[in-house]
Amino acid sequence: MPHTVPAEPHVMNTYSRVPIALSHGKGCRVWDVDGKVYLDALGGIAVNTLGHAHPKLVRALQDQIGKLIHISNYYYYPATEELARMLVERSGLSNVFFCSTGLEANEAALKLARKYGHDKGITHPQIVVYEKAFHGRSLATLSATGNPKVQAGFGPLVEGFIRVPLNDIEAIRRATAGNRNVVAVFFEAIQGEGGVNLMTTDYMQQVRALCDANDWLLMIDEVQCGMGRTGKWFAHQWAGIQPDVMPLAKGLGSGVPIGAVVAGPKAAHIFQPGNHGTTFGGNPLAIRAGLETIRIIEEEGLLENAAKMGFHLLSTLAAQLMHVPGVKDVRGKGLMIGIELDRPCGALVQRCAEAGLLLSVTADSVIRMVPPLILSGAEADEIIAILVPEIKAFLAETAQT
């Protein structure tokens with residue numbers, strides 16, 4: 001591991017950092033301050049859509065910094081409408097609210113759902129959420145999250161949530177039967193922090209129908225799995241459905257903080273002036289990053305590449321690992337991949353870093369990879385060549401008796 005790892009006496013101790021101090025990156029690789037190179041299979045946790053220092057993005061952002069970085073939302077900025085139009089066209093929805101983060105986008109979605117209920121005369125609106133979900137760390141999104149460890153120490157939580165298991169339509173019917181306060185169902189098409197858990201196509205279609213039958217909003221959190229990561233613009237599109245509310249962030253700006261709430265006709269006009277707002281959301285630099293990200297994804301065929309590279313990784317990893325004792329599952333969609341082991345495996349983060357591969361472990365026992373969408377076949381093979389032996393060695397050394 002690198003020797004030059006600076007202490008951080010003035011930074012709050014909120015992260016269990018890997019002892020690496022990074023210096024710069026290019027493509028799917030990053031370098032630390034000692035010159036060691038790493039293959040980045042984490043991509044800033046599904047943020048660096050275009051990898052590091054993509055030349056087209058760099059030029060665009062340099063140009064934008066010389067024009068406008070930030071203005072108040074008191075004023076129009078024409079490119080904001082252009083990015084909104086691009087998101088509307090690719091989602092089939094109708095209007096967009098811009099913010100800065102996934103937490104902000106999810107918080108806005110929850111506010112939309114509550115106001116939707118109040119506008120219908122429901123004074124105590126309730127929202128269906130899911131076990132193992134992760135929507136953010138504000139008090140409202142934390143309350144919608146399904147991880148007791150993340151919630152611990154921050155009670156009392158915000159009320160108004162009904163929690164159900166994944167992919168069980170009868171469970172949601174039972175949990176909401178006769179309840180006139182339900183206003184929305186809120187889920188991730190693929191749960192990232194919860195362990196790369198996929199909502200099935202049938203289930204998403206069934207929930208869409210249930211929301212239609214009950215006049216509820218269907219809200220799909222695409223913060224981590226959206227923006228081309230699965231091989232379509234948004235992961236729910238594999239099910240052939242449309243949500244009423246869709247929070248986005250992470251990969252939308254390829255590293256520049258930007259979030260968005262994309263809404264369909266049922267929800268697009270719930271917010272009126274004074275109902276919601278943001279200081280940094282939709283600023284010129286973030287908007288330019290979003291525009292260039294979408295343009296480059298399309299120019300370089302990155303949706304197709306995500307699907308192709310993801311299939312190669314998933315199929316090869318499954319072939320090499322599913323027979324190994326201790327490996328429970330290899331799952332995912334496109335370039336959002338999880339490998340579940342039968343034991344906690346956080347130690348693999350540092351072990352793989354020492355071998356030159358950056359990834360994460362989530363839900364204690366799930367290795368997560370969300371690399372840039374520019375990943376090449378040779379880089380995918382390099383991931384496999386490093387990761388498979390590390391998993392096998394870790395399992396052998398920690399064999400359960």
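Mentor: Start with Arg90, which is buried at a relative accessible area of 18%. Buried means under 20% relative accessible area, exposed over 50%, and partly exposed in between (1.4 Å probe, protein chains only). The model is predicted, so local features need pLDDT of at least 70 and side-chain atom pairs pLDDT 80 or more, while totals for chains, interfaces and linings use all residues. Residues are numbered from 1 along each chain as its sequence is written, and side-chain values use heavy atoms, with hydrogens and water left out.

Trainee: With which residue does Arg90 form a salt bridge at 2.8 Å?

Mentor: A salt bridge puts a side-chain nitrogen of Lys or Arg within 4 Å of a carboxyl oxygen of Asp or Glu. Here the partner of Arg90 is Glu298, with the closest N and O atoms 2.8 Å apart. Arg90 lies in helix α3 (residues 78-91) and Glu298 in helix α9 (residues 284-299), so the pair ties together parts 208 residues apart in sequence. Helices are DSSP runs of H or I with at least four residues, strands are runs of E with at least two, and both are numbered from the N terminus. Glu298 is partly exposed, at 41% relative accessibility. Arg90 also meets the side chain of Glu89 in a salt bridge, at 3.7 Å from N to O.

Trainee: How many salt bridges does the count come to?

Mentor: The count is 26. Some share partners: Asp63, Lys67, Glu82, Arg288, Glu292 and Arg295 are joined into one network.

Trainee: How do I read a helix, and what span does α3 reach?

Mentor: The expected span is 1.5 Å times one less than the number of residues. With its 14 residues, α3 reaches 21 Å from first C-alpha to last, close to the expected 20 Å. Its buried residues include Leu83, Met86, Leu87 and Arg90. The buried residues of α3 pack against β4 (95-99), β11 (245-248), β12 (259-263) and α9. Just after α3 comes Gly92, with a positive phi of about 80°.

Trainee: Which residues touch the most other members of the largest nonpolar core?

Mentor: A nonpolar core is a set of buried Ala, Val, Leu, Ile, Met, Phe, Trp, Tyr and Cys residues joined through side-chain atoms within 4.5 Å. The largest has 66 residues, and Leu87, Leu317, Ile339, Leu341 and Ile391 touch the most other members. Helix α12 (residues 377-397) gives the most to this core, with 9 residues. A second, separate core of 31 residues includes Tyr130 and Met204.

Trainee: What does Leu341 touch?

Mentor: Contact means heavy atoms within 4.5 Å. Leaving out residues up to four places away in sequence, Leu341 touches Ile367, Ile391, Phe394 and Leu395, among others.

Trainee: Which side chain of opposite charge is nearest to Glu379?

Mentor: Lys and Arg count as positive, Asp and Glu as negative; His and the chain ends are not counted. Glu379 lies in helix α12. Glu379 is buried yet has no salt bridge, and the nearest side chain of opposite charge, Arg29, is 4.4 Å away. A polar atom of the Glu379 side chain lies 2.9 Å from the backbone nitrogen of Ser376. Not counting residues up to four places away in sequence, Glu379 touches Cys28, Arg29, Leu39 and Ile374.

How values were computed. Polar contact = N/O pair within 3.5 Å; in protein donor to acceptor, adjacent residues only side chain to side chain.
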